[in-house]
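Hi,

Here is the structure I promised to pass on. Have a look at it first, and my notes follow below.

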Amino acid sequence: MRVLVAGLNHKSADVEVREKLAFSGEKLEPGLKALLQLAPVKEAMIISTCNRVEMYMGIEEPEEAIRQVKQFISSFHQIPAGLLEKALYFHTDTAAVRHIFRVASSLDSMVVGEPQILGQVKNSFQFALGKKATGALMNKLMKKAISVAKKVRTETKVAENAVSISFAAVELARKIFNDLAGKSVLLLGAGEMAELAARHLMTNGVSEIVVANRTFERGCELAQTFNGRAVTFDLFKQEMVRSDIVLCSTGAPNYVVMKQDLHDIMKERKQRPVFLIDISVPRNVDPKVNGLENVYLYDVDDLQGVVDSNRNERGKEARKAEEIIAAEVEVFERWMASLQSVPTIVAFRQKAQQIGEGELEKLFNRGGFDEAQRKAIRQMAFSIVNKLIHPPTAALKEDAEDRDTLIVLLRKLYDLSGD
Amino acid sequence: MGAITFDISLAFYFCAMLFALLDLFKGTKTLPKLMLMSALLGFGFHTIYIIYAGFSEGHVPIVNPHEATSFFAWCIFLLFFVLEYRYKLGLLGSFITPLAFALMFVSFILPAEMKPLPPILQSQWLGVHAVFAFLANAAFAMAAGVGVMYLVQEHYVKSKNLGGLFARLPSLYVLDEINYRLITVGFPLFTVAIISGSIWADNAWGSYISWEPRQVWSIISWLIFGIVLHARLLAGWRGKRAAVLSILGFLTIIGAFAGLALLHKGQHVFP
């Protein structure tokens with residue numbers, strides 16, 4: 001079995017494309033199930049966040065798998081395959097393992113070092129595990145990815161000086177409002193990213209936080225942690241009249257805030273400026289809203305521009321992190337190779353056994369041996385066979401650097417074609 | 001002595017503008033300091049020039065176009081220092097010094113020779129009217145400069161292109177607020193100038209208003225700034241709208257000022 005990564009991220013696709021391909025909420029389970037239906041796909045998990053939609057799979061026959069996965073994505077989301085060409089990327093084997101490690105370690109994030117991604121990877125894996133979509137390969141791979149990410153976090157400063165989306169949002173809010181004291185924040189939806197951004201805004205002086213969530217109880221819980229208050233979701237437009245910053249992450253598949261809504265709201269708030277941060281994918285705020293006076297709308301992609309400037313500083317630490325990942329990829333590769341040595345050893349043993357059995361049969365067919373003699377000869381023959389095959393099989397089991405070469409050699413020398 | 005101090009101040013103002021413009025492209029810590037120092041030196045010599053002219057003429061030296069534009073520039077610099085001291089708005093100098101220098105340069109070109117003031121205009125009201133008018137105009141000039149800064153910064157935030165001057169320009173809130181405060185200061189000053197002007201006109205010619213172009217333009221400017229203040233309080237016209245209107249208001253002032261100063265017509269023998 002081999003590892004395949006198929007997906008798209010903030011670098012390969014715009015938010016418009018990403019939101020169309022997202023496996024958000026109720027789409028995730030049918031998506032995962034449909035993916036596993038593909039013949040070459042043996043194990044799978046799907047990770048779908050604002051910045052990436054990726055499928056991690058254990059597969060046979062990469063070319064065929066890639067072809068079918070492409071087809072699956074285009075038919076599942078009802079998007080012409082031509083549109084996907086540019087957005088999608090595929091990685092196999094080593095490149096795939098490295099990619100997954102980099103994603104989990106937040107090196108592939110829009111904001112390098114941002115802490116949310118590891119949690120998202122964990123959740124996606126847990127979900128797939130719960131649906132029995134993963135097997136030995138994916139389980140081992142994802143556990144390793146999570147431990148690598150932790151290692152990267154503790155051994156480098158990538159996470160420490162991470163300038164997350166939230167920081168970018170705070171910086172922008174400062175350029176609009178100057179001082180955040182006395183400003184109030186409305187959380188539309190209680191997503192993890194929104195929560196984090198709200199926390200940042202709060203440590204930067206925002207005085208009030210209001211949560212409007214579809215499930216009111218969850219909204220209340222969240223509001224409590226901020227010493228804020230919760231309102232029912234249908235009241236959010238009234239709340240927007242009072243709020244200066246609106247963090248939107250409802251997970252709704254369509255626009256929740258329309259231009260006309262905001263036009264009316266702005267009238268009521270006497271044109272006091274409002275800063276809308278839409279971190280939902282698909283987006284929840286109509287982009288046309290940005291055309292209104294005193295309304296400033298930023299979606300996830302826009303915030304990238306804000307964080308880009310901080311990227312260089314993190315370069316050095318990121319390189320250190322890349323080294324950790326390179327080392328860990330090698331360790332994992334070796335483990336994968338050991339998976340391959342097991343069938344080789346089995347095949348080698350069978351071959352030796354067959355030769356032994358064949359020769360014994362020929363000898364015994366000529367006759368002239370009694371039961372005790374036959375037993376002794378058989379014992380001796382197999383002891384020779386076993387002694388001969390022991391050193392090679394031991395070498396294959398060992399975690400040696402040249403094991404891949406040995407496997408290839410052995411298969412060739414003994415003509416062990418097929419598993 | 002008078003002319004030399006004027007020329008020296010013009011040279012310093014020029015340096016200040018140069019440093020301020022360089023600061024736009026290359027933000028260093030020294031450039032704003034150099035700008036402020038040059039401007040202060042220029043302002044010092046300029047002040048000497050104005051006091052000297054005032055004493056030798058026996059009244060506020062604003063009775064010909066040369067003096068009027070020079071005094072206008074002086075008022076703008078005065079206000080600029082006040083704002084620098086109180087708010088330290090990033091890059092304010094880069095937007096204000098070119099305007100102030102331009103006025104100084106116009107003043108430099110205009111003939112400085114004096115015609116004796118007609119007796120009919122010799123009145124205490126001259127000083128009151130002119131000083132209030134110029135302080136008001138300086139406040140409006142500053143408001144327009146800050147308005148331009150607002151439009152630039154707003155463009156960065158709206159277009160999501162956060163390069164260029166974005167990081168160094170003040171926040172939108174501060175720019176809008178300062179713009180508003182400048183107009184709230186300028187408007188009453190302007191009102192006093194108009195009232196004192198019409199009283200003076202009544203004393204001199206026997207009627208409060210003669211509908212000559214300068215007066216009409218002043219009333220238009222007054223109306224525009226009145227609208228800015230009113231609409232802000234009632235309909236929330238802030239931000240971009242307020243910035244655009246304050247720039248527009250200032251343009252009517254500068255247009256009337258320049259046009260009439262050059263044409264030299266009407267009762268306002270000086271602008």
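To start with chain A: how many bridges join β2(A) to β3(A), and do the two strands run parallel or antiparallel? There are 7 bridges, and strand β2 (residues 41-48) and strand β3 (residues 52-59) of chain A run antiparallel. Strands pair if DSSP finds at least two bridges between them; strands (E, at least two residues) and helices (H or I, at least four) are DSSP runs, numbered from the N terminus.

Before going further, please note that this is a predicted model, in which local features need pLDDT of at least 70, side-chain atom pairs count only at pLDDT 80 or more, and totals for chains, interfaces and linings use all residues. Residues are numbered from 1 along each chain as its sequence is written, while chains are lettered from A and ligands numbered from 1 in the order in which they are written.

Back to the two strands: β2(A) and β3(A) form a hairpin with 3 residues between them, and A:Val41 stands opposite A:Ile59 in β3(A). β2(A) is mostly covered, with 8 of its 8 residues buried (20 or more other C-beta atoms within 10 Å of a residue's own, the C-beta atoms being placed from the backbone).

Chain B has 8 helices and 0 strands. Of its 271 residues, 45% are buried. Among contacts in chain B with a separation of 6 or more, 78% link residues 24 or more positions apart (a contact means C-beta atoms, placed from the backbone, within 7 Å).

Helix α6 (residues 172-205) and helix α7 (residues 213-235) of chain B pack at an angle of about 140°, with their axes 10 Å apart. That angle makes α6(B) oblique to α7(B) (under 35 degrees is roughly parallel, over 145 roughly antiparallel, 65 to 115 roughly perpendicular, and the rest oblique). Axes are lines fitted to C-alpha atoms, for helices over the stretch in contact, and angles run from 0 to 180 degrees between N-to-C directions. Residues of α6(B) including B:Tyr180, B:Phe187 and B:Ile194 meet residues of α7(B), among them B:Trp222, B:Phe225 and B:Arg232.

Finally, the contact between the chains takes 14 residues from chain B and 17 residues from chain A. On the chain B side, α5 (124-159), α6 and α8 (240-263) each supply at least two residues, and the largest share, 3 residues, comes from α6(B).

Best wishes

Note on methods. Contact = placed C-beta atoms within 7 Å. Buried ≥ 20, exposed ≤ 12 C-beta atoms within 10 Å, placed from the backbone.
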